[in-house]
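Trainee: Could you take me through one part of this model closely, namely a pair of neighbouring strands and the surroundings they share?

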Amino acid sequence: MRAMSATRRLLPALLLLACSGGSPGTSDTAGSDGSTGDTTGEGTTTSAQTSTASTTGAATSGTASASDGSSGATTVDPSAGSTAAETTSSSTTGVVDPCDPDPCDAPGPYCEGNVQVTPKVACEPDGEGFVCTSDEVTMDCGELACLDGACAPPLMPVAGEVIFVEMMQDPDKLSDFDAEWFELKNLGPLPVDLDGCRLVDLGVNMDDHVLDAGGPLVILPGALMVMAKTVDPAKNGGIEGVAYGFGDAFSLTNTGDAAILRCDDVDVDVVSYESDGWPFGVGVAMGLDPALEDATMNDLAASWCAAKVEYTAGNTGSPGEPNPSCG
Ligand SMILES: [Ca+2]
Ligand SMILES: [Ca+2]
Ligand SMILES: [Ca+2]
């Protein structure tokens, strides 16, 4: 592995050497300049040293062997050349440029919600001084999450970030093994990835299923996601767009059960319901009142109400659609 890497790294170095003339004398000179490159370009130097069968201790041997023509090739460094060029040009310029060096500091990119904001600051001469003009470029991260100023793969949700908002425990005219489902909502400001999270109960069925979607299972901010026994609308009661089918690995027991979304060993949300006092029934899903969307509020039976609108024959609920108010 190291050898392959070293060979790959060595090729550009050799090409560079060829372009710069490649005589040992040239390499020697560049090599001594390039010793500063060891601190900034340590990876390149290290791998090239390995391929020329030098001993270990890359940084020190790089400097010491600068007189050696072969290792000099590794230290022909574009940064050394550009530094020299800058020095030359600035020393021959007679006019003082108030923007050189650039006195205007641009802060790094940052996040506003799921939007990456990149400040753009420019220096413009103004009389004998200068002004710093600022602008910004924004980019919605979409299905990526804006994290530390960059669009990156979404993380798993933290506690309370994704909650259960609707459940069909006891479908009518359809098998419970085909037509149970529940609906999740992302209450947070960022997309989150549920792949690798687990569906767990409190021991009724000993359910403990790892969500394995074969890739990211992303729920966008403010969005709903339906998971069901099966993604097949012909079996699940005509529900299109089911994001994940959990099959027999997870059940919503009619007589009382718990649904737990556990991510990275954190209980993101728990709903533990009883058959008495909770507003679900045969062919009736229970939906969380949209005014009470909260991981703690949904622990209470009073925060939920029975669905009234039929989504398939004999069954009421709003899978994939916002719940109506319970008021
Ligand atoms: Ca059931
Ligand atoms: Ca809860
Ligand atoms: Ca719904």
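**A strand pair and its core**

Mentor: Leu184 stands opposite Met225 in E12, where strands (E, at least two residues) are DSSP runs numbered from the N terminus. This is a predicted model, in which local features need pLDDT of at least 70 and side-chain atom pairs count only at pLDDT 80 or more, while totals for chains, interfaces and linings use all residues. Residues are numbered from 1 along each chain as its sequence is written, and chains are lettered from A and ligands numbered from 1 in the order in which they are written.

Strand E7 (residues 181-186) and strand E12 (residues 224-228) run antiparallel to one another, paired over 5 bridges; two strands count as paired if DSSP finds at least two bridges between them. Both belong to an open sheet of 6 strands with mixed pairing, ordered E13-E12-E7-E6-E16-E17. Strand E13 (244-245) and strand E17 (304-306) each have a single partner strand, so one side of each is left without a neighbour in the sheet.

The largest nonpolar core has 44 residues, of which Phe164, Met167, Phe182, Leu184, Val226 and Met227 touch the most other members. Such a core is a set of buried Ala, Val, Leu, Ile, Met, Phe, Trp, Tyr and Cys residues joined through C-beta atoms within 7 Å, buried meaning that 20 or more other C-beta atoms lie within 10 Å of a residue's own, with C-beta atoms placed from the backbone. E6 gives the most to this core, with 6 residues. Leaving aside residues up to four places away in sequence, Met167 touches Phe182, Leu252, Ala259, Phe280, Ala285 and Met286, contact being defined by C-beta atoms, placed from the backbone, within 7 Å.

Technical notes
Helix = DSSP H or I, 4+ residues; strand = E, 2+ residues; numbered from the N terminus. Buried ≥ 20, exposed ≤ 12 C-beta atoms within 10 Å, placed from the backbone. Contact = placed C-beta atoms within 7 Å.
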